[in-house]
Amino acid sequence: MKRVAIAILYQRNPWRFLMQLRDPLPTIVYPGHWGLFGGHLEPGESPEQGLRRELWEEICYRPDQLIYLGNKGDRQVDRHVFSAELGVPIQSLILQEGWDMALLSRSQIELGACYSQKSGQIQPIGQPHLRALEAFLSKLQSGA
């Protein structure tokens with residue numbers, strides 16, 4: 001079973017969520033889809049350790065605090081989800097993996113897709129990432 005950790009990185013007022021547009025390579029999962037930053041855990045690595053490593057490798061970012069939201073996995077993937085407020089402007093991030101990145105609005109997430117400047121077209125959000133975002137937004141709406 002694959003072990004991964006992903007981060008819902010957000011800004012408030014208005015709420016926006018940092019997403020990565022995955023490369024359009026047929027050899028990867030969800031090619032050409034928007035997804036949350038994060039990735040596979042190495043042997044012996046805790047989900048938080050792995051996520052911190054992945055965030056540094058992918059966007060050169062170290063969040064002050066990660067809040068564990070739970071395991072949102074399925075039969076094939078042990079998926080640990082965290083959230084953190086994005087404490088820097090998007091312009092200060094360095095995209096080192098992926099095709100594009102953007103701050104998506106709630107309405108784009110509800111739509112399930114977003115336009116990418118780099119691809120020149122509307123790209124879908126990967127289903128596991130969309131479900132994690134929808135659960136996070138539902139908690140926000142309920143005040144939990």
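Trainee: Which residues does UniProt place in the feature "domain: Nudix hydrolase"?
Mentor: Residues 1-127, according to UniProt, and the entry is unreviewed. Keep in mind that this is a predicted model.

Trainee: How much helix and strand is in residues 1-127?
Mentor: The span is 16% helix and 39% strand. Its end C-alpha atoms lie 18 Å apart.

Trainee: And the chain, how many helices and strands?
Mentor: It has 3 helices and 9 strands. From the N terminus the order is β-β-β-β-α-β-β-β-α-β-β-α.

Trainee: Why call the chain as compact as a globular protein of that length?
Mentor: Because its radius of gyration is 14 Å, close to the 15 Å that the globule rule gives for 144 residues. The C-alpha atoms fill a box of roughly 40 × 40 × 30 Å along the principal axes.

Trainee: What share of the residues count as buried?
Mentor: 48% of the 144.

Trainee: And what share of the contacts with a separation of 6 or more comes from residues 24 or more positions apart?
Mentor: 60%.

Trainee: Switching to L86. Where is it?
Mentor: In the loop between β6 (77-85) and β7 (100-105).

Trainee: Buried or exposed?
Mentor: Buried. L86 has a relative accessible area of 6%, and the cut-off is under 20%.

Trainee: What is L86 in contact with, leaving aside neighbours within four places in sequence?
Mentor: Y10, Q11, L18, Y61, L93 and L103. Look at L9 too: L86 and L9 are 77 residues apart in sequence, but their C-alpha atoms are 5.4 Å apart in space.

Trainee: What is phi at N13?
Mentor: Positive, about 50 degrees, although N13 is not a glycine. N13 is also exposed, at 74% relative accessible area.

Trainee: What about phi of C60?
Mentor: Near 55 degrees, again positive in a residue other than glycine. C60 is in the loop between α1 (47-59) and β5 (67-71). At 23% relative accessibility, C60 counts as partly exposed.

Trainee: Last one, charges. How many positive and negative side chains?
Mentor: 15 positive and 15 negative. The centres of the two sets lie 5 Å apart.

Trainee: And the accessible surface of the chain?
Mentor: About 7,800 Å², with 50% belonging to carbon and sulfur atoms.

Note on methods:
Residues numbered from 1 in each chain as written. Predicted model: local features only at pLDDT ≥ 70, side-chain atom pairs only at ≥ 80, totals over all residues. Heavy atoms only, no water. UniProt positions renumbered as here; feature names shortened; annotations may be inferred. Helix = DSSP H or I, 4+ residues; strand = E, 2+ residues; numbered from the N terminus. Rg over C-alpha atoms; globule rule 2.2 N^0.38 Å. Buried < 20%, exposed > 50% of the residue type's maximum accessible area, 1.4 Å probe, protein only. Contact = heavy atoms within 4.5 Å. Areas by Shrake-Rupley, 256 points an atom, 1.4 Å probe, with all protein chains shown as cover. Lys, Arg positive; Asp, Glu negative; His and termini not counted. Charge placed at Lys NZ, Arg CZ, Asp CG, Glu CD.
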